[in-house]
Amino acid sequence: MRITSTSCICPVLVCLCFVQRCYGAAHHNSIKVTRNQTKHIEGETEVHHRPKRGWVWNQFFVLEEHMGPDPQYVGKLHSNSDKGDGSVKYILTGEGAGTIFIIDDTTGDIHSTKSLDREQKTHYVLHAQAIDRRTNKPLEPESEFIIKVQDINDNAPKFTDGPYIVTVPEMSDMGTSVLQVTATDADDPTYGNSARVVYSILQGQPYFSVDPKTGVIRTALHNMDREAREHYSVVIQAKDMAGQVGGLSGSTTVNITLSDVNDNPPRFPQKHYQLYVPESAQVGSAVGKIKANDADTGSNADMKYTIINGDGIGVFSISTDKETREGILSLKKPLNYEKKKSYTLNIEGANTHLDFRFSHLGPFKDVTMLKIIVGDVDEPPLFSMPSYVMDVHENEKIGTVVGTVAAQDPDSANSLVRYFIDHSAEDDRFFNIDANTGTIKTAKVLDREETPWYNITVSASEKDNPSLLSHVAVGIRVLDVNDNPPELAKEYDIIVCENSKPGQVIHTISATDKDDFANGPRFHFFLDEGLALNPNFTLKDNEDNTASILTRRRRFSRTIQDVYYLPIMISDGGIPSLSSSSTLTIRVCACERDGRVRTCHAEAFLSSAGLSTGALIAILLCVLILLAIVVLFITLRRSKKEPLIISEEDVRENVVTYDDEGGGEEDTEAFDITALRNPSAAEELKYRRDVRPEVLFTPRHQPSSALDSIDVQEFIKQRLAEADLDPSVPPYDSLQTYAYEGHRSEAGSISSLDSATTHSDQDYNYLGDWGPEFKKLAELYGELESERTS
């Protein structure tokens, strides 16, 4: 099969097409593809030959963006087996076959039916095959070839990142790089100049330039000043075809801003300023503002103001407002028009961030002179002190003098001054002041323990001009007198162990006094001498404001007395000394050997069992409810009596049981057991209560001597005989039980309850090691042992 194409555009393709056609005409037999042939020779087997392909080109070219009315001719397929008689059919498969590319199945001509775009798809892979039209069998194997879309210059360069925003420092050197822009062209860069881009500047000259190959934008002038012009709009063009006529172009805008540098020193608009300040201005308040202008921005315009000289350098101060870049003038000392009427200041404003590249444009500071005129005003009275502290004893009578404040009119008129205390609506008035003299007196009796310090505000005004007020703080300290006796520091819960020894410290107490330290400690503890000597406890003063409670005797018993009371006396160290009496409550408790409290009187036993008062009440309620149920049940049983006579029709077996339980060993002395073992105790015949006897039966009575000596076996046989002969028994079997206990053992009782209570030399200390269950037993034997030893 041979492939021919007429789409030879460039000179190289023309040459290739020419070689193709010449080569195909001269060597027609060499480019055809023959089918497999079989040659039969006598004596030889069938031989298969591999076919030779007759392809000359394996690709076609088609121009993109074809806009003609007819389909665009792409090329021709031709098989060596095609004799021109129409017996060969050409089939085209692959990408775009039948839709974009169609083939004449008889001639093998391929046409493109649609306009193609190389930027969307650069090539198509197809497969060609020649088959026999009659048999539909392939004349040669399927072959693959490519149709490439040939590029034309149909895409203009584009700046994908534009527009651009960039900054460059002002006063930069010429040729300083600003930005590099890049344009892209979608055309084929390997074919012609369709994608070869050059750059040029359309707007922005003579300030900036652009490199035509790299797209780097640079400054074109020296010392571009931001203060003269800050923003520039530069238009850059990119053109393909290497800038030749007919090339496509695209443009973008680059917005360039000159950033600031510190190339301008600050300047005061005036060399002389004048400021009026009234003498009533408060110390620390701002009295004026001043500002130096700086053409720079940001940190390059930051400055600091200072007072470099002048007679007011100690009276005024200046600070810098970082937001407004103004100098704030403040008052350091109070002004007095009568003493000084004007001040002169020299103020300097200097940049704080210097750029030494531009130091030749300096100096970067400026100086101006400020004259301050003090204004005369009618001032309020002035107190002699900024604040007052006064002392007064507590419990002093009303009208006691506390102290005096003084104020005068600072003006030359020297008007009279009146005083008063500022009282809030809710405050109690504890003090009064003389309006003319300023003397402060008590208005109530003061109690230091309630309020030890008072803060009041005294105001003064001119008699001729009451609206002008001045204020002063007065602190009044209330001095202490010894008017409170000492008392116990808290309510003490004192316990003493039952096994305490004489002289043992059981508790330490302390005292407190509401009075000041001078009238309080030191405290002295002692027993009341007017009372009899306490035989149980005593008190020891530790001379450190504490006292110890000691026992006087050995051993205490909760069962005899569980609470003791000890009256004590406490005196303070004031002049004169005050004293008070208190009573200590001491409880008796059971303790461990190491002194730990185990239990105290009755409520402690309940608490050790883990039962609260609510739990005990609940248990009692449950018991009462159970008792009520039992009483109700018994009442109902008594009200409903069952008949004693069993119905004659009830012929079922009947078992009658009698539950009588003895008292055990505890009843051996109180109960005559011979009734059980001696049949004489039941000599009478006791009839059954569940049947009504028809015939009275008189039992046989044996002599008393025989009953005393009868054996239990004989007793049972006798009762069995009586039951058999009794005509009143039911006709069915019945069960009768007889309780019998044998003779007492000759060995006697082995119980320990009747053991003799004789003293033993045995050591019972080992009972303390048996655990908490045996603590009471160990304590009991320990007490007996200690009493025996004593």
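**Loops and peptide bonds**

I began with Pro163, which lies in the loop between strand S8 (143-150) and strand S9 (164-169), where strands, like helices, are DSSP runs numbered from the N terminus, of at least two residues for strands (E) and at least four for helices (H or I). The peptide bond that leads from Gly162 to Pro163 is cis, with omega near -10°.

Before going further I noted that this is a predicted model, in which local features need pLDDT of at least 70 and side-chain atom pairs count only at pLDDT 80 or more, while totals for chains, interfaces and linings use all residues. I also noted that residues are numbered from 1 along each chain as its sequence is written, and that side-chain values use heavy atoms, with hydrogens and water left out.

I then looked up Pro206, in the loop between strand S11 (198-203) and strand S12 (208-210), and found that the bond from Gln205 to Pro206 is cis, with omega near 5°. For background, most peptide bonds are trans, and most residues other than glycine have a negative phi.

Met241, in the loop between strand S14 (231-239) and strand S15 (249-259), is not a glycine and yet has a positive phi of about 60°.

**A sheet**

I traced an open sheet of 4 strands with mixed pairing, in the order S9-S15-S14-S11, taking two strands as paired if DSSP finds at least two bridges between them. S9 and S11 are at the edges with a single partner strand each, so one side of each has no neighbour in the sheet. From one strand to the next the twist averages 35°, with axes being lines fitted to C-alpha atoms and angles running from 0 to 180 degrees between N-to-C directions. S11 and S14 run antiparallel and are joined by 5 bridges; I saw that Gln203 stands opposite Val235 in S14.

**Aromatic rings**

The structure holds 13 aromatic pairs (rings of Phe, Tyr and Trp, the last by its six-membered ring, pair if their centres lie within 6.5 Å; planes under 30 degrees apart count as stacked, over 60 as edge-to-face and the rest as tilted). I looked at Phe159 and Tyr199, whose ring centres are 6.2 Å apart with planes at 50°, so this pair is tilted. The pair links distant parts of the chain, 40 residues apart, with Phe159 in the loop between S8 and S9 and Tyr199 in strand S11. Phe159 is buried, at a relative accessible area of 11%, and Tyr199 is buried too, at 9%.

The rings of Phe431 and Tyr454 have centres 5.3 Å apart and planes at 80°, so I wrote this pair down as edge-to-face. Phe431 is in strand S28 (residues 431-433) and Tyr454 in strand S30 (residues 453-462), 23 residues apart. Phe431 is buried at 2% relative accessibility, and Tyr454 is buried with a relative accessible area of 10%.

Note on methods: Buried < 20%, exposed > 50% of the residue type's maximum accessible area, 1.4 Å probe, protein only.
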